[in-house]
Amino acid sequence: MKIAIISDIHGNYDALVEVLKKAKLEGVEHLLVLGDIVGYYYDPDKILKALSNWSCDIIKGNHEYILETLLTNPSLDESIRLKYGSGHREAILKLNEQQLKFLKDLPEKKSVKFDETSFLMSHGSPWSNDFYIYPDCDKHIIEKSDSKEHDFVLIGHSHYAFAIKNKNSILLNPGSVGQSRQVGGKASWCIVDSKNKCFQMISTDYNVASLIAEIAKKDGDIAYLTKVLIRN
């Protein structure tokens, strides 16, 4: 079975659409979604609808926790917007109670197996939802991420795609679909073949023009939201 590993969509529907088109062409049958459906950008409703058409497992990212915080304490709206854009605000406006409950009830980690290939799904790290792991981090952090029970330890959060072979498992970050911090206009993700454990890191082009226009309307005072989309 071909399985797509995706993470950090962050409300960027234009990017997700292109990834799902490519996934279908590649014969992907199942999605593993590593959290951060919301945050930064503006179409979590369309994203949840698109994902509902696929067989998938989904876990919670740190931005789902930020959304919960905003729901509990609306006075934090502007401070959250200034740091992360209006994505959480848009989620509250566009998602119904059932969808918000779905995001709240997502597990923080999940262990899944297909054929003879096992995966540990996590967002930041296997021990913390909000811990950043980069490909050049200290060796002990990489080794701490190893698992004797899984073939792949999956992480997102850093928006940097990489794969590192540990003693017992492969630590794999597919990068970010919605806001790559390596190059703009690219959605980063990965396909794993569960029959032979081979994997392919993929970078899919998408058009950032309409999203940049929406940023200008909603968050024109936050330069980073646009700069990261056009980064070389």
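Good morning. The model is a predicted one, in which local features need pLDDT of at least 70 and side-chain atom pairs count only at pLDDT 80 or more, while totals for chains, interfaces and linings use all residues. Residues are numbered from 1 along each chain as its sequence is written, and side-chain values use heavy atoms, with hydrogens and water left out.

I begin with the overall build. The protein has 9 helices and 10 strands; these are DSSP runs, helices being H or I of at least four residues and strands E of at least two, numbered from the N terminus. Its radius of gyration is 17 Å, close to the 17 Å that the globule rule gives for 232 residues, so the protein is as compact as a globular protein of that length. That radius is taken over C-alpha atoms, and the rule is 2.2 Å times the number of residues to the power 0.38. Along the principal axes, the C-alpha trace spans about 45 × 35 × 35 Å.

I turn now to the interior. Of the 232 residues, 53% count as buried, that is, under 20% relative accessible area with a 1.4 Å probe, protein chains only. A nonpolar core is a set of buried Ala, Val, Leu, Ile, Met, Phe, Trp, Tyr and Cys residues joined through side-chain atoms within 4.5 Å. The largest such core has 45 residues, and V177 and W189 are among those with the most contacts inside it. Helix α1, residues 13-25, supplies the largest share of this core, 5 residues. Apart from it lies another core of 15 residues, including L34 and F114.

Thank you.

Key:
Buried < 20%, exposed > 50% of the residue type's maximum accessible area, 1.4 Å probe, protein only.
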